[in-house]
Amino acid sequence: MPVDDALWDEFHAVVNMTSRELRDWLATNASGSGSDALPDQAGTDRSRAVLDLLGKRRTDLTADDARVMRSVVDQVHDLRGEEPEPTAGDARWRRRLMSVGHDPLKPTG
């Protein structure tokens, strides 16, 4: 699955957190009660995959990267709709979105 212009643009539109914001949020979120996660191991495998994608050049992307990008785009659209307005929502919903680099309080695009 190649990464075409549409997927590249859509991924970078729905992932509205910078790599630093996502890394900091994952580290903060992982530092909750009873967590011994190391900062570079914070978050889920998928969260770390998104963080890795944010640091890659388009020419370095693999078919696996394209699958992750498509699934993140689909998840954000499923949870937010096609034209999302900034909204806080409930904490669990916001954590799910933020774990893939989408802050629902920030405008997309």
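This is a predicted model: local features need pLDDT of at least 70, side-chain atom pairs count only at pLDDT 80 or more; totals for chains, interfaces and linings use all residues.
## Overall make-up

The chain holds 5 helices and 0 strands. Read from the N terminus, its elements follow the order α-α-α-α-α. Of the 109 residues in the chain, 33% are buried.

Contacts can also be sorted by how far apart the partners are in sequence. Taking the contacts between residues at least 6 apart in sequence, 65% join residues at least 24 apart.

## Helices α1 and α4

Helix α1 covers residues 5-14, and helix α4 covers residues 63-80. Their axes come within 9 Å of each other and cross at roughly 50 degrees. An angle from 65 to 115 degrees would count as roughly perpendicular, and one under 35 degrees as roughly parallel; α1 and α4 are therefore oblique to each other. The crossing of α1 past α4 is left-handed.

On the α1 side, the residues that meet α4 are L7, W8, E10, F11 and V14. On the α4 side, they are A66, M69, R70, V72, V73, V76 and H77.

## Helices α3 and α4

Helix α4 also packs against helix α3, which spans residues 45-54. Here the angle is about 110 degrees, and the axes are 10 Å apart. That makes α3 roughly perpendicular to α4. The crossing of α3 past α4 is left-handed. From α3, the contact uses R46, A49, V50 and L53. From α4, it uses D65, V68, M69, S71, V72 and Q75.

When neighbours within four places in sequence are left aside, D65 is in contact with L53, K56 and D60.

L51 belongs to helix α3. With a relative accessible area of 17%, L51 is buried too. Apart from neighbours within four places in sequence, L51 touches S19, L22 and R23. Residues 19-30 form helix α2. L51 can also be placed relative to S99: the two are 48 residues apart in sequence, and their C-alpha atoms are 9.6 Å apart in space.

## The loop between α1 and α2

The loop that joins α1 to α2 contains N16. N16 is buried, and its relative accessible area is 13%. What does the side chain of N16 reach? It reaches the backbone nitrogen of D103, at 2.7 Å.

## Helix α5

Helix α5 takes in residues 91-98. Its buried residues are W93, L97 and M98. Viewed down the helix axis, these buried residues fall within an arc of 130 degrees, so they line one face of α5.

The N-terminal end of α5 is capped by D90. A side-chain oxygen of D90 lies 3.3 Å from the backbone nitrogen of R92.

Technical notes
Residues are numbered from 1 along each chain as its sequence is written. Side-chain values use heavy atoms; hydrogens and water are left out. Buried means under 20% relative accessible area, exposed over 50%, partly exposed in between (1.4 Å probe, protein chains only). Helices (H or I, at least four residues) and strands (E, at least two) are DSSP runs, numbered from the N terminus. The arc is that of the directions from the helix axis to the C-beta atoms. A polar contact is a pair of N or O atoms within 3.5 Å; within protein, one must be able to donate a hydrogen and the other to accept it, and residues adjacent in sequence count only if both atoms are side-chain atoms. Axes are lines fitted to C-alpha atoms, for helices over the stretch in contact, and angles run from 0 to 180 degrees between N-to-C directions. Angles under 35 degrees count as roughly parallel, over 145 as roughly antiparallel, 65 to 115 as roughly perpendicular and the rest as oblique. A crossing is left-handed if the near helix is turned anticlockwise from the far one by less than a right angle, and right-handed if clockwise. Contact means heavy atoms within 4.5 Å.
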